[in-house]
Amino acid sequence: MNYFLIFLFSIPGIIVATTIHEFTRAAVSTALGDTLPKNKGRLTLNPFNHFEPIGFLLMFYSGGFGWGKPVETSALYYKNRKRDTLLVALIPSVVNLVLGFIFLILQSKIFNNNMYLAMLFNYLCYYNVGLAVYNILPVAPMDCAKVLSVTIPANRYFQYLQYEKMIQLIFLLLLFVGLAGGFFSAIINVIIQIMSMIL
């Protein structure tokens, strides 16, 4: 497949994955009492409200590591700060995985009927699964960084914050030289293969 088609089919895959991820974060936080996402105009499926150019380009380059425009949330509104922060951080990735599985089903149904539509569903599946996989990384702005804030002792978390930028730069360096991307691409493909076995 030429690079133009790869880019063409990657665009909707990235946009759908990041839009759903950020909208889900906004929706979950809103359901838990947070008014900030709605006030900031993020409780919407409009992709322009969730688009972040650097995250988009990184996601295309790396095949999964990237982000949409992060949704601002406030734990001050939550009844149970630890539990609700975890829900807001984890549910978007779960939704991405479920959506990836749905797109995989759609791809399998029309594979022999329309090659280009099947390719579109393939990229929609891949980027949704990829975004979920990369969010297990404790690298800002991935969701795992939020998980650490409520799952490890406060003094350890503050130590992590001191090295957060360095961790991010080291990971991006590994990504650009190809040491991290191949490893995570393999994980993404294994998950998609497992999903395929369920069909």
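Colleague: What makes Arg83 count as partly exposed?

Modeller: Its relative accessibility is 44%, and partly exposed lies between buried, under 20% relative accessible area, and exposed, over 50% (1.4 Å probe, protein chains only). So Arg83, at 44%, counts as partly exposed. Bear in mind that this is a predicted model, where local features need pLDDT of at least 70, side-chain atom pairs count only at pLDDT 80 or more, and totals for chains, interfaces and linings use all residues. Residues are numbered from 1 along each chain as its sequence is written, and side-chain values use heavy atoms, with hydrogens and water left out.

Colleague: Why is the contact of Asp84 and Arg83 called a salt bridge?

Modeller: The term asks for a side-chain nitrogen of Lys or Arg within 4 Å of a carboxyl oxygen of Asp or Glu. For Asp84 and Arg83 the N to O value is 2.7 Å, so the pair meets that definition.

Colleague: And how do you know whether Asp84 is buried or exposed?

Modeller: Asp84 has a relative accessible area of 1%, so it is buried.

Colleague: What makes Arg25 and Glu22 a salt bridge, and where do they sit?

Modeller: Their closest N and O atoms are 3.1 Å apart. Both residues lie in helix α1 (residues 3–31), three residues apart, so about one helical turn separates them. Helices here are DSSP runs (H or I, at least four residues), numbered from the N terminus. Both Arg25 and Glu22 are buried.

Colleague: Which residues are linked with Arg25 in a network of salt bridges?

Modeller: Glu22 and Asp143 are linked with Arg25 there. Over the whole structure, the search finds four salt bridges.

Notes. Helix = DSSP H or I, 4+ residues; strand = E, 2+ residues; numbered from the N terminus.
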